[in-house]
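Welcome! Keep the picture open beside you as you read.

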Amino acid sequence: MGILMAGIDHSIAPIDIRTVFSFTKKSMTEALEHLKQIKGIEGCVLISTCNRMELYLSTGEEFENDIFELLCELRNLPEDLYGKYRPYFRFREEREAVHHLFRLSGGLESRILGDDQIVTQVKDALAFARGHYAADHVLETLFRQAITAAKKVKTSDQLSPSDQSVVRTAIRTLKEEGYTFEGKKIMVIGNGVMGKLAATQFQQQGADVTVTVRQYRSGVVEIPKNCSRIDYGRRMELFGECDYVLSATVSPNYTLTKELVASHFNQKKSVVLIDLAVPRDIEPTVAELDGVCLYDIDCFREEAVSEAQKKAIADAEACFAEQMEDFFAWYECVDVVPKIQEIKELAAIDLENRLTKKLRALPMAEEEKASLRGDIEAAAERTMNKLLFGLRDTVSKAAFRECVEGLEEVYHDTNHE
């Protein structure tokens with residue numbers, strides 16, 4: 001039994017390398033289905049965002065594969081390219097993998113410290129794996145505890161200003177470089193989570209924002225308040241009027257190519273293109289055109305960490321350490337948890353049987369007796385829980401397992417007397 005993780009992220013891999021290992025929902029489904037069939041893989045969860053791709057595996061003793069090679073196979077890469085991409089990956093297992101997931105969920109590994117979106121992305125990754133019956137009880141428990149810890153940190157620590165996102169950082173960066181947005185015309189290509197966030201925040205800067213939409217059979221597509229809309233197929237009709245164009249879609253193809261931009265670009269004015277997608281939405285060679293300035297997602301990052309943030313990071317790590325110990329307390333004895341639960345229940349029944357006569361003799365209403373009986377059962381379970389897990393922390397694993405087996409036998413015999 002083991003927990004393995006392999007990941008590639010913004011800290012060591014440029015956008016074009018990350019693109020090779022990015023997954024769409026369709027390819028993620030195919031990947032999970034394939035991984036589930038591999039001998040020794042008990043569970044798998046795949047996280048794929050603009051800034052990172054991480055694969056988590058829960059494995060049994062039969063697992064003998066190389067997790068990196070599995071990823072390369074999932075991306076249909078030829079073996080002669082494995083050596084090119086391996087240096088961009090980080091590999092972690094057991095405590096190191098668990099610690100990384102906690103830090104990731106809490107925004108400590110994000111391009112923008114305390115990123116508000118990552119905990120939702122981790123939660124969505126777990127839900128996606130669960131929906132495809134890929135997350136076993138180990139990864140289910142690990143991810144849920146990491147998400148819970150991240151939410152706790154979010155409510156108690158100030159890692160960054162609220163509503164922090166790459167869009168807000170992009171706006172701040174552009175302002176620092178002298179760009180303004182008041183009264184400017186901006187087109188946002190993409191009406192997903194990132195597109196809506198971008199449209200809203202640029203509109204709040206006083207810009208005239210138009211959002212591209214695709215009309216589906218499901219009906220009218222909602223866009224952010226106070227923004228205009230244009231059909232995606234007509235986006236180039238508006239392009240020449242724009243001061244800024246931001247693209248943030250999940251399309252595998254370019255939304256803006258050099259040829260398209262060149263044929264619709266108004267040479268009398270300059271335009272700033274902002275590409276927040278992985279894979280890229282805007283063809284990089286667009287930057288070669290005169291009057292065009294292109295930014296991609298790797299242009300927007302925060303380097304400085306304030307003293308207040310350093311303290312918040314330390315506080316977050318303390319919280320994670322506590323939550324991690326809770327997880328490992330469960331994980332290291334996961335195979336005996338059912339036996340422990342049974343012992344607690346049998347102990348409660350045994351205690352109740354021994355007190356039955358005294359309970360009946362008490363001058364109390366039946367409802368009160370039933371309530372007292374429930375309190376006694378709960379107290380018995382809590383006492384056994386403290387006893388068993390306290391024992392686990394003071395003796396070897398082998399000795400603890402022997403104790404559990406002995407208690408199980410004792411209480412089985414007791415309740416069958």
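## A helix with a covered face

Let us begin with helix α2, where S27, M28, A31, L32 and L35 are buried. Viewed down the axis of α2, these buried residues fall within an arc of 135°, so they line one face of the helix. Before going on, please note that this is a predicted model.

How many residues does helix α2 have? Helix α2 runs over residues 25–36 and has twelve residues. From its first C-alpha to its last it reaches 16 Å, close to the 16 Å expected at 1.5 Å a residue.

## The antiparallel sheet

Strands of a sheet pair through backbone hydrogen bonds, either parallel or antiparallel. In this structure, four strands form an open sheet with antiparallel pairing, in the order β2-β3-β1-β4. Strands β2 and β4 (90–93) stand at the edges with a single partner strand each, so one side of each has no neighbour in the sheet. From one strand to the next, the twist averages 15°.

Now look at the pairs inside this sheet. β2 and β3 are joined by a hairpin through three residues, and they pair in the antiparallel sense over seven bridges.

## The parallel sheet

Six strands form another open sheet, with parallel pairing and the order β7-β6-β5-β8-β9-β10. Which strands stand at its edges? They are β7 (228–231) and β10 (292–296), each with a single partner strand, so one side of each is left without a neighbour in the sheet. Neighbouring strands of this sheet are turned by 20° against each other on average, direction ignored.

Are the faces of β5 covered or uncovered? Both are covered: K185, M187 and I189 are buried on one side, and I186 and V188 are buried on the other. Counted by residue, five of the five in β5 are buried.

## Aromatic rings that meet

A pair of aromatic rings is described by the distance of the centres and the angle of the planes. Searching the whole structure gives 16 aromatic pairs. In one of them, the ring centres of Y56 and F143 are 5.4 Å apart and the planes are at 85°, so the pair is edge-to-face. Y56 belongs to strand β3 (residues 52–59) and F143 to helix α7 (residues 137–156), so the pair ties together parts that are 87 residues apart in sequence. Both Y56 and F143 are buried.

Another pair is formed by F328 and Y331, with ring centres 5.9 Å apart and planes at 75°, so this one is edge-to-face too. F328 and Y331 are three residues apart in helix α12 (residues 307–331), separated by about one helical turn. Why does F328 count as buried? Its relative accessible area is 3%, and buried means under 20%. Y331 counts as buried at 4% relative accessibility. Elsewhere, ring pairs link F21, F68, Y82, Y85, F89 and F91 into a cluster.

## Charges over a ring

The charged end of R214 sits over the ring of Y232, 3.8 Å from its centre. R235 also lies over the face of Y232, at 4.0 Å from the ring centre.

## An exposed loop residue

Finally, visit E79, in the loop between α3 (67–74) and α4 (82–85). Is E79 buried or exposed? With a relative accessibility of 65%, E79 counts as exposed, because the cut-off for exposed is over 50%. From E79 to H100 there are 21 residues in sequence, and their C-alpha atoms are 28 Å apart in space.

Terms used:
Residues numbered from 1 in each chain as written. Predicted model: local features only at pLDDT ≥ 70, side-chain atom pairs only at ≥ 80, totals over all residues. Heavy atoms only, no water. Pairing = 2+ DSSP bridges. Helix = DSSP H or I, 4+ residues; strand = E, 2+ residues; numbered from the N terminus. Axes fitted to C-alpha atoms, helices over the stretch in contact; angles between N-to-C directions. Phe/Tyr/Trp six-rings, centres within 6.5 Å; stacked < 30°, edge-to-face > 60°. Buried < 20%, exposed > 50% of the residue type's maximum accessible area, 1.4 Å probe, protein only. Lys NZ or Arg CZ within 6 Å of the ring centre and 35° of its normal. Expected span 1.5 Å × (residues − 1). Arc of directions from axis to C-beta.
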